[in-house]
Amino acid sequence: MNRIAPFRRFEAVVKSYVDGSYENWPIAGSYIRRTVGQHWQPSFTGRPGNFEEASLSKMPAPIYDKFVRGYTEKQWGVPARELSPDLARRFDVRDDDDPRLMRQAFQGIPQKGYAHFVRALLGTIPVLLNCDYNHNRSQFVAKKLTIFTGPIDEYFGHDLGRLKYRGQVREHAYLPTTDWVQPCVQVNNPDPTSGPHIRTIEWKHFMPPEDAQKIRGTVLTRETPVTPNDPNSYEYPFPDDTNGKLYRRYADRARDIQGLLICGRLGEYRYYDMDQAIARAQLLARRILDMENVGACVGVPQDSPVRL
């Protein structure tokens, strides 16, 4: 990635605001031992059938209620028991108190931001903005392959039904006389009684410390989940059985269309973290460039999510 644009080291720290205190997320082992007991046990055994059971198979019920249930139900707008158990794979319960969100060896953000990174990535590739491909398909004829990264159901005109997505409404606040508000870049708000937002971002934490110290004031962004109608606002594929089955029907159709690759978070109806998205793009690019295996990338590939 540094060949495209230079990255600098950045390791995200996330806290959850619980009972008036900032606690580690993912949940620190010391917090569970302090609040539940040294010899705690998960509150669910057996094969989980939904997100709530999958979460309780990792932690005691009091921890789930404080950190997970409210956040999840605000995020998705439905009871946690209606969500897929696979969603619980996105977090863990830690034995130690390492505050870092991720523990990968290589972590960072582009030195000049992601907008600069994307411009460098595109280079001299022609880009047409403010043009809806679905409304102008006759103007674009692919010589070898069409790569579509929008919502897969929109590509087919929603003729099998609409997939459900969630998005965020973001409210920004500039505090000119306050230098810092939060202890870290992101603070989760899992308590359903303390507002509909799920987290607050303080942007100065992304900056190199020597630069952040020179700036007076701070900018906060509060994120509140919504169910958007505009595809431009789709962010999160909805993790339940009904939408999963509908997606697979669309994917089967896409796979039968020669010269078409539907991919990306919306195209594959799958949540990718940034490292997974980059690794997935590299994998698909290798398949496209290997013309002997171009058939393997026609349609929607069904690989497991890329794990680094």
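**Aromatic contacts in a predicted model**

Good morning. I begin with a cluster in which ring pairs join Tyr-133, Phe-140, Phe-148, Tyr-155, Phe-156 and Tyr-250. Rings of Phe, Tyr and Trp (its six-membered ring) pair if their centres lie within 6.5 Å; planes under 30 degrees apart are called stacked, over 60 edge-to-face, and the rest tilted.

A word on the source: this is a predicted model, in which local features need pLDDT of at least 70 and side-chain atom pairs count only at pLDDT 80 or more, while totals for chains, interfaces and linings use all residues. Residues are numbered from 1 along each chain as its sequence is written, and side-chain values use heavy atoms, with hydrogens and water left out.

In total, the structure holds 20 aromatic pairs. One of them is edge-to-face because the rings of Tyr-114 and Phe-117 have centres 6.1 Å apart and planes at 80°. Tyr-114 is partly exposed, at 34% relative accessibility, whereas Phe-117 is buried, at 7%. Here buried means under 20% relative accessible area, exposed over 50%, and partly exposed in between (1.4 Å probe, protein chains only).

Finally, I turn to charges over rings. The charged end of Arg-137 sits over the ring of Tyr-155, 4.0 Å from its centre; the criterion is that NZ of Lys or CZ of Arg is within 6 Å of the ring centre and within 35 degrees of the ring normal. Likewise, the charged end of Lys-58 sits over the ring of Phe-91, at 4.6 Å from the ring centre.
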